[in-house]
Amino acid sequence: MTIRTALVTGAMGGLGTAICQAFAKDGYKVVAAYHPELDKPQEWLAEMQAAGFKDFFIAAGDVSDFESAKAMVAEAESKAGEIDILVNNAGITRDRFFAKLDRSQWDAVLSTNLNSVFNVTQPVSTKMAARGWGRIINISSVNGVRGQAGQTNYSAAKAGILGFTKALAQELVTKGVTVNAIAPGYIATKMVMAIRDDIRNGIVDGIPMKRFGKPEEIGALCSYLSSELAGYMTGATLNINGGLHMC
Ligand code: CAA
Ligand code: NAP
């Protein structure tokens, strides 16, 4: 049986950790990519080992920077072999109403959440196509699908990911490479916990299931999308949001 190699960006964050763990349970080699300025990748690794996940590789790179992302992919390949599964998961928020939004907050969110998808996917996808198998999973957001006040930057980047996903899916459809997007609703990670308490409580009240999603619920979807049986699904947006937005 082929042992697949998966590269996950933003791997040491809330969703990234759950996605790495789901892939490890599937028996894949997992490369956890992290921002070079992250304090303690070794601590994350030790935590994973303590939880029974012993075989993660790590690779450093700033996904918003083309050269840094390329070097990160090269480091991942040198440690774990060619990448079969890529999850573009790294992301940030800089929430502010548009009238007050600084150009730097626009640029930071666009370059980290959208340009990153170019930077990391390009060095990986061509090789997947040449080998005739690949899975690319892009983490968008419910707020890229429906828009969110206070997030013009983030909604634009996450909507951009959806267009990118459909266009690249068409280019790779005959090459054995699928390209799909996941649009999570509000999931309990530090990104959501950073929202002001009163606003966050209002958000959870507005979710029909009356709870935030769990990171492992996104991990499970990545597991499915990277499987052999998901080979007929491409160009799709999978909405997973507790009923917050149905489309
Ligand atoms: N639409 C229109 N007006 C709104 C509004 C909305 N949705 N929300 C608030 N307002 C109004 C308020 O009523 C208030 O009006 P008054 O001054 O007349 O009372 C005014 O705007 C100021 O509201 P805030 O106190 O909220 O303003 P702020 O400057 O302190 O905060 C903000 C602005 C940072 C954008 C804040 O509203 C916020 O955090 N909103 C949540 C945005 C959000 O959902 N972010 C998701 C982050 S997690 C994530 O992104 C993951 C994912 O993919 C799901
Ligand atoms: P998180 O815990 O903050 O994780 C985000 C990760 O991305 C962090 O590990 C962060 O590293 C990394 N990162 C940020 N900028 C980077 C850069 N320039 N280069 C490399 N890595 C970088 O947030 P999360 O909730 O898990 O979010 C993961 C993804 O899901 C994001 O794309 C987010 O937009 C999306 N999403 C989240 C939700 C939600 O409700 N949580 C919903 C929909 C979509 P540092 O910590 O070192 O900065």
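Glu77 counts as buried, at 16% relative accessibility; here buried means under 20% relative accessible area, exposed means over 50%, and partly exposed lies in between, using a 1.4 Å probe and protein chains only. This is a predicted model, in which local features need pLDDT of at least 70, side-chain atom pairs count only at pLDDT 80 or more, and totals for chains, interfaces and linings use all residues. Residues are numbered from 1 along each chain as its sequence is written, chains are lettered from A and ligands numbered from 1 in the order in which they are written, and side-chain values use heavy atoms, with hydrogens and water left out.

Let's stay with Glu77 and look at its partner. Lys127 forms a salt bridge with Glu77, and their closest N and O atoms are 3.0 Å apart. The pair links distant parts of the chain, with Lys127 in helix α4 (residues 103-131) and Glu77 in helix α3, 50 residues apart. A salt bridge here is a side-chain nitrogen of Lys or Arg within 4 Å of a carboxyl oxygen of Asp or Glu. Helices (H or I, at least four residues) and strands (E, at least two) are DSSP runs numbered from the N terminus.

Lys79 and Glu75 form a salt bridge whose closest N and O atoms are 2.8 Å apart. These two are separated by about one helical turn, because they sit four residues apart in helix α3 (residues 66-80). Lys79 is partly exposed at 39%, and Glu75 is partly exposed at 27%.

Elsewhere, Arg96 pairs with Asp102 in a salt bridge, the closest N and O atoms being 3.5 Å apart. Arg96 is partly exposed, with a relative accessible area of 32%, and Asp102 is partly exposed at 38%. Glu82, Asp84 and Arg131 are joined in a network of salt bridges. Searching the whole structure gives eleven salt bridges.

Now turn to ligand 2. It is surrounded by 28 residues, the closest being Leu15, Asn89, Tyr154, Ile187 and Thr189; a residue belongs to these surroundings if one of its heavy atoms lies within 4 Å of the ligand. By class, this shell holds 13 nonpolar, twelve polar and three charged residues. Helices α1 (14-25), α6 (152-172) and α7 (190-193) each supply at least two residues of the shell, and α7 gives the most, with three residues.

Which atoms lie 2.9 Å apart between Lys158 and ligand 2? They are a polar side-chain atom of Lys158 and an oxygen atom of ligand 2. The backbone takes part as well: a polar backbone atom of Val63 is 3.0 Å from a nitrogen atom of ligand 2, and a polar backbone atom of Gly185 is 3.4 Å from an oxygen atom of ligand 2. The protein covers 90% of the 890 Å² of accessible area that ligand 2 has on its own, with areas computed by the Shrake-Rupley method and a 1.4 Å probe.

Our last stop is Thr178, in strand β6 (residues 177-184). Thr178 counts as buried, at 5% relative accessibility. Leaving out residues up to four places away in sequence, Thr178 touches Gly134, Arg135, Ile136, Ala230, Gly231, Met233 and Thr234, where contact means heavy atoms within 4.5 Å.

Conventions
A polar contact is a pair of N or O atoms within 3.5 Å; within protein, one must be able to donate a hydrogen and the other to accept it, and residues adjacent in sequence count only if both atoms are side-chain atoms. Ala, Val, Leu, Ile, Met, Phe, Trp, Tyr, Cys and Pro count as nonpolar, Asp, Glu, Lys and Arg as charged, and the others, Gly among them, as polar.
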